[in-house]
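Here is a short briefing for a first look. Please keep the sequence and the model in view while reading.

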Amino acid sequence: MAFGGAAQLKAVTNAVGRFNQKYPNAKVEIAIDPISNGWGDYVTRVLSQFNANNAYDVYGTAIETFRTFETRNLFIPLDDYIAGHASFSDFAPALFKYASYKDKTYFIPIGWNNIMINYNRKLFRDAGVELPKAGWTWDDFRAVARKLTVRDAAGNVTQFGYEVPNQFFFVQPWFFSNGTSVLNADWTASNMLDPKVSESLQFLYDLIHVDKVSPIPGKDTMDNQFMAGQVAMISRGHWIVENAKAAHLDLDVAIPPAKVNDVTVIGFGGYGVARTSKNPELAKELIGELTSFETQKEEGEAGGGVPGRKSAAETPDFLAYPPSAALYYQTLPHTLPVPSPANFQEVEKIFIRNYVAMMSGEVSIAEGVKRADQELNESFKRLAARQSR
């Protein structure tokens, strides 16, 4: 079972076609989950399949779920298969590091996304604003967002300079670039009381309420408004390229602005073999085709994510759009994985609920971080209790 949309289904189908040329007697059933309701629902679906003894042999999933599945021992280590295939040296070692747990690798990386500042070049030109350059700072970003915010004669905003993110993954660069994180380093406790977390939240709050360059984060993202030229900058990954192409958007990307560094967040997918598979060796060979250059090239050029294989991220078609597409891979050494503990579903919900309350002014930053800290640590205590049984 894989995840994604029509482009990913097409690439997976083509990969299975190549696999069947080598193994004509192997019957492969393809299922794809669009992840419409987030990774929490996907985890629930996968766990129910294992509990009902009807799990697939191969799963495509994302880093947000890795720790949940690894701690339940649902997948087999793939280290021997990886070591036996030299072509995996084409992947950045960091991807395999992030796909490992207790020194064993359970997933082979596929497409990945690091959050970048995606911007509409036309709106920059219309406002006479210089395009972002490497090394820009939070203060630079704030000044640019102000210049790109347009109001009508009545003072109503007709074009926002930026969309303050409404999702856990999208907002992480604002913490990482300030040298902090909402969780501790090994994802076992809250780090919400770090003053740098409050500083990052205050910066985002001020963009909304002081500079008024962004609306309060709502339930829905503002992708459609960005594509329509009503928002100048948004924090997203490579996945928006497909829609930007269709909208003929004059899109480019920039490294997120720095406070103390230029570190951004990375999330990625990977394929693993279910421990319940009756044909694990054949399942590994199927993963080999699903992670081949041909499949990675097709998925990358369709805009689903940056290919795990560096060679597939260097093709002329991939680098043609957006103009600074080379930045995706160049920034990989300056990334940290999205915090993804085994209780990720709870962590994400707790953070977002309190984050939106703070961004809306429903609670102060000081009160919000205390509430989130308490709820997160209670969740980690419940996780520790479950894992000790």
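Over how many bridges do strand β7 and β10 pair, and in which sense? Strand β7 (residues 116–120) pairs with β10 over 4 bridges, in the antiparallel sense. The model is predicted, so local features need pLDDT of at least 70 and side-chain atom pairs count only at pLDDT 80 or more, while totals for chains, interfaces and linings use all residues. Residues are numbered from 1 along each chain as its sequence is written, and side-chain values use heavy atoms, with hydrogens and water left out.

- Helices (H or I, at least four residues) and strands (E, at least two) are DSSP runs, numbered from the N terminus.
- Two strands pair if DSSP finds at least two bridges between them.
- The order β10-β7-β11 makes an open sheet of 3 strands, with antiparallel pairing.
- β10 (233–236) and β11 (251–254) stand at the edges with a single partner strand each, so one side of each has no neighbour in the sheet.
- On average, neighbouring strands of this sheet are turned by 35° against each other, direction ignored.
- Methionine 116 stands opposite arginine 236 in β10.
- β7 and β11 also pair in the antiparallel sense, over 4 bridges.
- Asparagine 120 has leucine 251 in β11 as its bridge partner.

- Buried means under 20% relative accessible area, exposed over 50%, and partly exposed in between (1.4 Å probe, protein chains only).
- Methionine 233 is found in strand β10. Its relative accessibility is 0%, so methionine 233 counts as buried.
- Methionine 233 and alanine 145 are 88 residues apart in sequence, yet 7.9 Å apart in space, C-alpha to C-alpha.
- In a regular strand, side chains alternate between the two faces of the sheet.
- β11 is covered on both faces: Leu251 and Val253 on one side, and Asp252 and Ala254 on the other, are all buried.

**Strand β12 and its partners**

- In strand β12 (residues 264–273), 10 of the 10 residues are buried, so β12 is largely enclosed by the rest of the structure.
- β12 pairs with β3 in the antiparallel sense over 5 bridges. Threonine 61 has glycine 270 in β12 as its bridge partner.
- Strand β6 (residues 108–114) is joined to β12 by 5 bridges, and the two run antiparallel. Here asparagine 113 stands opposite glycine 267.
- β12 pairs with strand β13 (residues 335–337) in the parallel sense, over 3 bridges. Threonine 335 in β13 is the bridge partner of threonine 264.

**Helix α2**

- Helix α2 (residues 39–51) has 13 residues and should span 18 Å at 1.5 Å a residue; its end C-alpha atoms are 18 Å apart, which agrees. The expected span is 1.5 Å times one less than the number of residues.
- Among the buried residues of α2 are Trp39, Tyr42, Val46 and Phe50.
- Their cover includes β1 (2–3), β2 (32–33), β3 (58–62), α3 (63–71) and α17 (344–360).
- Just after α2, asparagine 53 takes a positive phi of about 60°.

**A loop residue**

- Threonine 291 lies in the loop between α13 (280–290) and α14 (293–302). At 0% relative accessibility, threonine 291 counts as buried.
- Contact means heavy atoms within 4.5 Å.
- Leaving aside neighbours within four places in sequence, threonine 291 is in contact with residues including Phe88, Phe91, Tyr271 and Arg309.

Terms used
Axes are lines fitted to C-alpha atoms, for helices over the stretch in contact, and angles run from 0 to 180 degrees between N-to-C directions.
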